[in-house]
Amino acid sequence: MSAASEAAIKKLNLEKATNFMRQYRDPQSRELRKLSAHQFMEVWSHYDKDGNGYIEGTELDGFLREFVSSANATDVSPEAMSDAMLLELKQCFMEAYDDNQDGKIDIRELAQLLPMEENFLLLFRFDNPLDSSVEFMKIWREYDTDGSGYIEADELKNFLRDLLKEAKINDVSEDKLIEYTDTMLQVFDANHDGRLQLSEMAKLLPVKENFLCRQIFKGATKLTKDDIERVFSLYDRDNNGTIENEELRGFLKDLLELVKKDYDATDLREFEETILQGVDYNKDGKINKKELTMILLALAKHNTEDS
């Protein structure tokens with residue numbers, strides 16, 4: 001290796017040690033270069049030091065200091081930013097990027113901040129969330145081809161390939177597709193078992209809204225007949241007068257998410273059995289409007305007692 005190459009490597013290692021973000025900026029313009037899927041995960045892993053799925057607290061402070069100071073043409077220590085400047089910067093930054101206003105940055109929020117390959121960015125579906133969990137469950141059934149209750153790596157790769165085709169992108173190489181699949185598993189496979197369970201896939205494929213989180217189900221207002229009609233029509237997608245199959249599982253997924261953050265297909269199946277035992281008096285494995293009313297009234301009553 002030449003002396004010049006060794007010097008360049010040493011300089012890069014020094015930049016990584018002093019300011020991790022500097023290596024991703026163009027040396028002349030100081031603008032951030034577009035990150036590959038692999039580089040994006042490098043940034044995420046570096047700042048999410050405790051691996052809990054969020055950049056928060058001192059992690060967030062460190063990211064903001066380095067993000068801003070890396071834009072300087074000359075080496076400026078991240079610590080040169082005063083605490084007052086950091087506080088002001090954090091407030092502006094969180095207003096712009098903390099979509100769910102939880103005071104921390106999750107991986108989808110970071111993906112909106114950093115410039116990335118267009119194809120990889122498409123996989124986060126920022127502009128196209130699912131209409132409902134019914135649609136989510138239909139997609140789940142389609143891609144869980146072996147019925148294992150998990151989306152494994154090959155099934156996830158097929159899903160991502162179809163997602164890109166849907167966006168009229170057909171020229172993605174197999175190697176690039178494997179890179180995207182590996183990255184998405186790193187991003188969303190919270191329990192690191194090499195596959196996606198239901199709650200993990202739900203983070204990759206978010207719905208516009210969990211309707212059951214609305215205020216009317218928190219006991220603050222009285223549940224009306226119109227409220228129940230709206231919920232029923234939301235899940236009875238084929239308008240046949242019952243909530244069944246993927247409609248039922250979509251409703252139960254939304255219901256389960258109110259009480260359980262991490263869940264898999266077994267949890268959903270057991271939850272379905274419990275709910276149907278309680279309200280499915282005609283034992284048809286479906287939910288009609290009267291049975292739905294019982295569930296929603298029980299939900300509102302439970303939330304009133306908890307508040």
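How many of the 307 residues in the chain are buried? Buried residues make up 44% of the chain, where buried means under 20% relative accessible area, exposed means over 50%, and partly exposed lies in between (1.4 Å probe, protein chains only). The structure is a predicted model, in which local features need pLDDT of at least 70, side-chain atom pairs count only at pLDDT 80 or more, and totals for chains, interfaces and linings use all residues. Residues are numbered from 1 along each chain as its sequence is written, and side-chain values use heavy atoms, with hydrogens and water left out.

We can start with the overall fold. The chain holds 14 helices and 2 strands; helices (H or I, at least four residues) and strands (E, at least two) are DSSP runs, numbered from the N terminus. Among contacts with a separation of 6 or more, 58% join residues 24 or more positions apart, contact meaning heavy atoms within 4.5 Å. An unreviewed UniProt entry carries the annotation "domain: EF-hand" for residues 35-70, 84-120, 131-166, 176-211, 223-258 and 267-302. UniProt positions are given here in the numbering of this model, feature names are shortened, and annotations may be inferred rather than shown by experiment. Residues 35-70 are 67% helix and 0% strand, and their end C-alpha atoms are 16 Å apart. Residues 84-120 are 65% helix and 0% strand, with 36 Å between the end C-alpha atoms.

Next comes the interior. In soluble globular proteins, nonpolar side chains tend to be buried together. The largest nonpolar core has 83 residues, such a core being a set of buried Ala, Val, Leu, Ile, Met, Phe, Trp, Tyr and Cys residues joined through side-chain atoms within 4.5 Å. Phe40, Phe63, Leu110, Leu114, Phe159 and Phe251 have the most contacts inside this core. Beyond its neighbours within four places in sequence, Phe63 meets Met21, Tyr47, Ile55, Phe93, Leu110 and Leu113.

Trp140 belongs to helix 7 (residues 133-143) and counts as buried because its relative accessible area is 7%. Not counting residues up to four places away in sequence, Trp140 touches Gly149, Tyr150, Ile151, Leu196, Gln197, Leu198 and Met201. The C-alpha atoms of Trp140 and Glu246 are separated by 9.5 Å, although the two residues are 106 apart along the chain. Ala153 sits in helix 8 (residues 153-166) and is partly exposed, with a relative accessible area of 33%. Leaving aside neighbours within four places in sequence, Ala153 is in contact with Thr181, Leu185 and Gly194.

Phe217 lies in the loop between helix 10 and helix 11 (225-235) and counts as buried because its relative accessibility is 0%. Phe217 and Ala300 are 83 residues apart in sequence, yet 4.7 Å apart from C-alpha to C-alpha. In the loop between helix 1 (3-18) and helix 2 is Arg30, whose phi is near 70°, a positive value in a residue other than glycine. Arg30 is buried, with a relative accessible area of 12%. Asn245 likewise is a residue other than glycine with a positive phi, near 50°, but its place is in helix 12. Asn245 is partly exposed, at 47% relative accessible area, and its C-alpha atom is 9.2 Å from that of Val134, 111 residues away in sequence.

Finally, there is the largest pocket, with about 1,400 Å³ of space. Of its 41 lining residues, Tyr54, Asn100, Asp106, Arg108 and Lys203 are the closest to its centre. Helix 2 (37-47), helix 5 (107-113), helix 9 (174-188), helix 10 (198-204) and helix 12 (245-257) each give two or more residues to the lining. On a 1 Å grid over the protein atoms alone, a pocket is an open set of points where a 1.4 Å probe fits, with protein on both sides within 12 Å along at least five of seven lines, and lining residues have an atom within 4 Å of a point. Grid points are joined across faces, edges and corners, and the volume is the space filled by probe spheres set on the points. The lining divides into 15 nonpolar, 10 polar and 16 charged residues; Ala, Val, Leu, Ile, Met, Phe, Trp, Tyr, Cys and Pro count as nonpolar, Asp, Glu, Lys and Arg as charged, and the others, Gly among them, as polar.
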